[in-house]
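Try each task before you read its solution.

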Amino acid sequence: MKKILTGIQSTGTPHLGNILGVIIPSINMANNSKYSSFIFVADLHSLIQMKDLETIRYNTYQIAAAWLAFGLNTEKSIFYRQSDVSEVTELAWYFNCFFPYQRLTLAHSFKREISRKGKINVGLFTYPMLMAADILLYNAEVIPVGKDQLQHIEITRHIASHLNKKIGQKLFVLPKAFIPIKTGLVPGTDGKKMSKSQKNWINIFSSDEILKKQIMSIHTDNKSLKEKKNPDKDCIMALYRLLAPLDRVEEMKKRYIKGGYGYLEAKKELYECILKKFSSERMKFSSFVKNKSLLDRIFYLGAKKARNIAYERLNKIRKTFKFNSLFKI
Ligand code: ADP
Ligand code: TRP
């Protein structure tokens, strides 16, 4: 059985990019008997971007409710909060000490954030080490992620092979990223990667009114209603393609090419399509998110399962590093 693992940071409610890029493809694998799965809320990672602890906790529930609304089976998958498995931070420390500083300065996410913000924290710099620990603690083989995470998986592979060589044994499995071809980079309302930090998201779990506003804010060129439009260079169409049945997509494409069809109409169709496609998930989400005691129980059971595995595994790693104790402490 192949082991899959993925995480979403608790920096907001999962948006359409997270859902199409990671949640749906991961659940398809996780609920399949060919895979065992580890799915978690990366709340420790979210501290890099957010300092409001109440909001991080609130978001943690939002993420859990989204996974459940889309049908994650938490009896089959191990579903947990990253902060509940403290073994991961010890492993990250080992990685910090074995990974070359210079190479980490080249990470895209690090370079992007310093150019954007200037003032950043140490956590942002060592972020890929914690992510590598998330993966290598369980020796997961397949990592469903969006395109933006590819470099982090490469860094993880680098750490695994470097340490295996150093130790002279295959202690760490080299993971592979699984990036869905069509949905690995879902565009946001501004045409750039949809992201929680860019406020360009479409949140399918928001109220009808807010969802409509988000869709109406999608950037377009300023062609008039009458003019012909290019279906291959338009964000509404790009999103519609990912969601609507093929015949409806073809229909919209023809209207674009013909002219006499405005962006407002296209946005309305996209809105209707989202409401219809996700009506059941939207209902389930609002019921799960209200049931905090159920979510807490799910996290508790998941943490117990994850920690048992993590404890055994970390002991093995400690032994290899000669950090094991002769006595039970
Ligand atoms: P965000 O980038 O919005 O802050 P996260 O960093 O928590 O979200 O990402 C969680 C997962 O969702 C990652 O695997 C990431 O690659 C994926 N993801 C994020 N945005 C998109 C997107 N626009 N399209 C596809 N996948 C995405
Ligand atoms: N870094 C990922 C993101 O921001 C979240 C994450 C943390 C993750 N640890 C992981 C994803 C391990 C996959 C595997 O999107």
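Throughout, a contact means heavy atoms within 4.5 Å. This is a predicted model, in which local features need pLDDT of at least 70, side-chain atom pairs count only at pLDDT 80 or more, and totals for chains, interfaces and linings use all residues. Residues are numbered from 1 along each chain as its sequence is written, and side-chain values use heavy atoms, with hydrogens and water left out.

**Exercise 1.** Find the place of Arg 81, decide whether Arg 81 is buried or exposed, and list what Arg 81 touches.

Solution. 
- Start with the element: Arg 81 lies in strand β3, residues 78-81. Strands are DSSP runs of E with at least two residues, numbered from the N terminus, and helices are runs of H or I with at least four.
- Next, recall the cut-offs: buried means under 20% relative accessible area, exposed over 50%, and partly exposed in between (1.4 Å probe, protein chains only). Arg 81 counts as buried because its relative accessibility is 16%.
- Finally, leave out residues up to four places away in sequence: Arg 81 then touches Val 41, Asp 43, Arg 57, Thr 60 and Phe 299.

**Exercise 2.** How does the radius of gyration of the chain fit a compact globule?

Solution. 
- The radius is taken over C-alpha atoms, and the globule rule is 2.2 Å times the number of residues to the power 0.38.
- For 329 residues the rule gives a value near 20 Å; the chain has 22 Å, so the two agree.
- Buried residues make up 50% of the chain.

Technical notes
Chains lettered and ligands numbered in written order.
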